[in-house]
Structure formats: C-alpha cells, structure tokens
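Dear colleague,

Please find below the structure that I am handing over to you. The notes after it describe what was found.

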Amino acid sequence: MSRVTNTRTLLAALTLIALPAVAEVQLPRILSDGAILQRDQPVVFWGTADPGEAVALSVDGKQVASGQADADGQWRIRSSSTFTAGGPHTVTLAGDNRIELSDVYFGDVWLASGQSNMELPMARVAEKYADEITNSANTRIRQFKVPKVVDYQAPQADVPEGDWVAATPDTLPDFSAVGYFFAKAIERAEDVPVGIVTAAYGGSTAQSWMSPKALQAFPHYLAQAEQNAKPGYVDAQKAADRNANDEWYNYINKHDVGLQNNWASTGADTQWQSITMPGYWSERGVGEHSGVIWLKKTVQVAASAAGQPATLRLGRIVDADTAYINGQQVGNITYQYPPRIYPVPSGVLKAGANEITVRLITNNKDGGFVPDKPYALELANTSIDLTGDWQYRVGVTHTPTPPTTFWDFLQPVGMYNAMLAPLFNVPFKGVIWYQGESNVGAAAEYAQLLPAMVRDWRAHFNQPRLPFIVAQLPGFGTKTEDANQPSDWAVMRDSQTHVLSEPNTALTVNLGLGEWNDIHPLNKKDVAERLALAARKLVYGESKLAAESPAAYRMSIEGEKVLVSVAHAKRGLLSDGKPGGFAIAGADGEFVWAKAELQGDHILLWSDEVKQPTQVRYGWADFPHKANVKARGGLPLMPFSLSLPAPALDQADD
C-alpha cells in the first residue's frame, strides 16, 4: 500500500471521528409492537433522538402529534386527539428514522404491582386453573412484564427488556395470575381491551417502591437509601452475604455423610429411625436441627404401572429439597415456598418396591414437611398416599444459615428507581396493589407508609386521582383458639384500611381465600375478581354494584351487650353456621369469644364473662378461621377492632 493511500485512509478515519454520532429516534420498551394504549386520553409517546430533532407521531397514517428533542436528546409528545377502544392500529414515529408499531390496541391499561402474591404466575396455579389456561386465547388481554431489577443510584429511563404479550395457552403461564384474572373480568364487564403492566417483586417492601422524597417522612428508610446509593456499598454487602451463604452450603455439602455414602440409592438400615410425616422436627422428636436430614419411604407399585410416568407430590417443604426415586433425581427446589410437584419420567418406577428419598436442607432449626398439603405418588389410575411412616437419618448438623439482608428486594427505593420510574409517562387507568407480607413486622408503621406511597405515585405519574385498589391480606399462620393471641397480621390488615384516607381508593377483603400453611394461597381468581368488582364501581362508575365488603364503624352498649353498626350491609348479613370470629373484652382488656346475633346491618355481641364490655374484635388473628360473616351478596365482613372512647379525665380541683 502506498504512502498516499495510508494518508487518505487516516484522514477519512479522522473525519468520521470528528462527525457527531447520529442518534436515531428511540422508544422505551413499553412502547412496542402489540402495545395496549390508554383509550379516551391523549396519546403520549416519549423517547430519545438527536438534540433538536423533530419527531412526528401518526396513527393509521394520520399525524396526531409532533415535537422536538431537547438539548439532552429527550422528547415527549402528546396528541390533541383521543381514541376509542379497539384495534389493531399501526402507530408510526418519524424523525430522521422511522419506527412502525403494529398490532396496537386502545383499551384500559392497569398497573399490577406489589410482591410475590401479585407476581405469582399462572404457571404456579396451572393445576387449579387448567381449563382457564386452555381457553385463554384472547388478543384483547395483554401483559407487559417489567423485569425484576433494582437500582439504588437513580431513577431509570427504561427497563432492560420486555414485550407486550397477548393471552394464549402458551403465553399465559408467565402472566401474573391476579393480573390475568383481573384483566379478564374487566375485559368481559366493560367490553374493552385490557393491558396489564405487571411490576411486582416477590418479598418487596412498600418502602422499596417509594422515592427518596416520600421517604423523608420515614428518616430511617431515607438514611438506608442514602447509604445504599454510595458507590460500591451494596455490591460489597451482597458479596459478603453471598460468601457467607456459600461457605454454609459448602460445609454441609462437604460433610453430609448421606452424599458421601450415596443414601439416595442405598436402602435404609438399622441406623435409620422412624418418623411420622408430614410435620416439623420440633414436633416429631428430632428437635432443633440445621443442616441436612435424609428421609426414605418404600412404596409398592403394581406391575401395570411399572415404567410409566407419574407425579410425585411432596406438598411444601422447609426449606430446600432434592427428591429421588430408586436413586434417580426427580426434583429439586431450593427454598420453602413453591409446591413440590415433580414429574417422574418413564422408566423410573418398577414393579414391586420403590424407594422414595428426600434430602432435606433446613436453614434455621425447624424444617420438615408442611402439614395439610398433598403428599402422594400419583400413577395413571391410582394414588399412593405418602403420609404416615417414613425413616430418617441425619446427614450433617450445622449452625443456622447466616442472616442476609436480601438486598434485591427489601431495601428502600430499589424498585422505585428500576421498575417504577420507567413507567412514569404511561397514562394508567388505575393500580391494583397486593403487598404487605414483608411489612408485617412493622404493621403499625404501614398505616402511614401505604397512604404516603399512594401520594408519591400519583405525583410522579402526574395523575393526582389515579385510582388505587388494594387487596387486603388473607389469612396465614397457625390457627388459634386463644382470643387474646397477639396478631401482627391482624394489625397489618387494619393498617391497610388507612389507604382509604386517600381519595379514589378502594380496599378488597380476602378472608376465606388464604391458606393457614402457605403464604402464597392458590386462589388467585377470587382475589382478582374482588379487585375487579371494586374497580367497576370506583373507576367505571357502576354505582349500583355491591362492591364494598361490609365494614363495622361503631359500637354502642345495650345493657351487658354490644351493638355493632355495619356499613355496606343494607341487605343484611349472613354466616356459615353460627356467626363466629367475634371477641369481646372489658376494661381489663382480656378478650373472650363472644356470642353473636346478626340483626340486618347490625351485630349484637355478648358474653356471660364480660358484664361491662368496652372492646370488640372480629377476625383478629393471623388466620381467623372462626370468621364466617358476609354480606348477602357474598363479600366477607372486614375484620375490625372497635372500642369505646376513653372516659374524660376528671377536671375537678383537688
């Protein structure tokens, strides 16, 4: 190559470097093919481009808005016209380049947010709702799933990935179960396409969805957020947690004699002890134990089922397990919450004796098989019960796992920055919120925290009256017969009612939909339909709907009895059997179970043990299994705690 050619090549390269880079018009991921945009409101689009670049928005070839990127290359345009429900439409963005979005619908866009019970996908409840999945094809119901990410530095402009997906049998398993059933109910009732934007993160706290400004009223959370924002701080803490966790698991894996001696394949011997399952170590004679315990059970399989596929159901296990049949691994789950439904491949089962082995890791002293869950080996034409006699042997004993901070979901501001801020330009029809489990330990604080979060969101979405509908927590926890048993979950449900102090809000009651032994109850359809019922009245103006649960608002004394007045019960109250779940107390504050008589929209309560009642409660327990009162329309009575006003202080002179 000649020297002249080299010089020309260098000059050309230098010229290219000197030219400014061309920044094409870019859209956020939520504005993409298949999107559902909010009907009957101006169309809002935003994104990036070259500074000063003109951007035009067209719907079906007709320009409806235009604008210009600012000095930072940011642009936001808003149409003067609105669009009625329907589709599909083609939406075009034109600047120096052209973006065409196809299969766009106008309808109602709802934000579905919270923690695991909102995040929980249809795949987790597929058995309960198999027909729903099979018959789900509906192009008018779509989901945009916001990735589960956190950021402690600053609000983000976009999410790292995501697409609009229409409901089909193939896509529905990834839909939020509550979000899907809510969308289905609204689409059917209002005859509009419904888009669900699912921004939910299992385990997240309310403060993790709030801005630093909103947390100024909660300085302990603001201080933590400021600490987390320091460069490298969270990464260092995560690394320390991860190293401690890895050391724990490395220890138990190295010292587990069950792994060393292949207990998954070898049969039990005289060193194995009998144990009755399901149950926990503390109640089965094992005592406190962290580490690994192996369990075995032998079952007989008919020759006709030998070699055939099957399903192994191991209920729910605390904490982690690996399951084997005849030495072959058939399942593994690393934490306690998911149901164990393990497919057994063809060829694993044999005629006659088959050995089921479970390697169970307990992180914190009291593990086991959670009671009142299904434990069975299901064959084509029969089911073998796996409850009862098992054998067990300790593989390794260790200290409990080191405590962790759960940096990905418990910390303030993290989801606000990464999962919420990218949505602030979206005009939403409303919000459905299912969260609170991770705030139960600070339930009283939640009474201020949740309303503050609602105000915070409305300010950042620039929708001062954005409808906000909250799912009150259902029952979860040990059933109790003690009327005085303290209950953080009852306090949390009461704290959730404080959201109603904000305008344009609603609260749905979910007593009867929980499971005492599972924080993730399977019944997501009824939860969603109660949210949809509230939305139809609050948002869609169906004023005659009986959408609110009956709610006690006043108590008065009638002799030795208490008369409780109930709102939203004009047609009267009903109960399944004798009305239960009520407790009554006098000045000493000692509660006893009360007898109850339903009198239209009033409840008369009394107990022979309390002659001068001053307080009453209903459904005041973690799992209020006695509570059985509902409106004639079917919605359950909201749990409550009422008391008489404190007597006025004697102002007389001494």
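In helix 9, the residues Ala 443, Ala 444, Tyr 446, Ala 447 and Leu 450 meet Asp 488, Val 491, Met 492, Ser 495 and Gln 496 of helix 10; contact means heavy atoms within 4.5 Å. By class, this contact of helix 9 with helix 10 has seven nonpolar, two polar and one charged residues. In this scheme Ala, Val, Leu, Ile, Met, Phe, Trp, Tyr, Cys and Pro count as nonpolar, Asp, Glu, Lys and Arg as charged, and the others, Gly among them, as polar.

Please note that this is a predicted model, in which local features need pLDDT of at least 70 and side-chain atom pairs count only at pLDDT 80 or more, while totals for chains, interfaces and linings use all residues. Residues are numbered from 1 along each chain as its sequence is written, and side-chain values use heavy atoms, with hydrogens and water left out.

Two packed helices are described by the angle between their axes and the distance between the axes. The axes of helix 9 (residues 443–461) and helix 10 (residues 488–496) come within 8 Å and cross at roughly 15 degrees. Helix 9 is therefore roughly parallel to helix 10. (Angles under 35 degrees count as roughly parallel, over 145 as roughly antiparallel, 65 to 115 as roughly perpendicular and the rest as oblique; axes are lines fitted to C-alpha atoms, for helices over the stretch in contact, and angles run from 0 to 180 degrees between N-to-C directions.) The crossing of helix 9 and helix 10 is right-handed, a term used if the near helix is turned clockwise from the far one by less than a right angle.

A second pair is formed by helix 4 (residues 177–190) and helix 11 (residues 525–538), which pack at an angle of about 45 degrees with their axes 8 Å apart. Helix 4 and helix 11 are therefore oblique to each other. Residues in this contact include Phe 181 and Phe 182 of helix 4 and Leu 531 and Ala 532 of helix 11. The contact of helix 4 with helix 11 divides into eleven nonpolar, no polar and five charged residues.

For the chain as a whole, the secondary structure comes to eleven helices and 36 strands. These are DSSP runs, numbered from the N terminus: helices are H or I with at least four residues, and strands are E with at least two. Along its principal axes the C-alpha trace spans about 95 × 80 × 60 Å. Of the 654 residues, 52% are buried (buried means under 20% relative accessible area, exposed over 50%, partly exposed in between, with a 1.4 Å probe and protein chains only).

Where does Phe 468 lie? Phe 468 is in strand 25 (residues 468–471) and is buried, with a relative accessible area of 0%. Leaving aside neighbours within four places in sequence, Phe 468 is in contact with residues including Trp 433, Trp 457 and Asn 504. Asn 504 has a positive phi of about 60 degrees although it is not a glycine, and is found in the loop between helix 10 and strand 26 (505–508).

Phe 406 also has a positive phi, near 50 degrees, and is partly exposed, with a relative accessible area of 42%.

Finally, a cis peptide bond joins Met 277 and Pro 278, with omega about 10 degrees. The peptide bond from Val 318 to Asp 319 is cis as well, with omega near 10 degrees.

Yours sincerely
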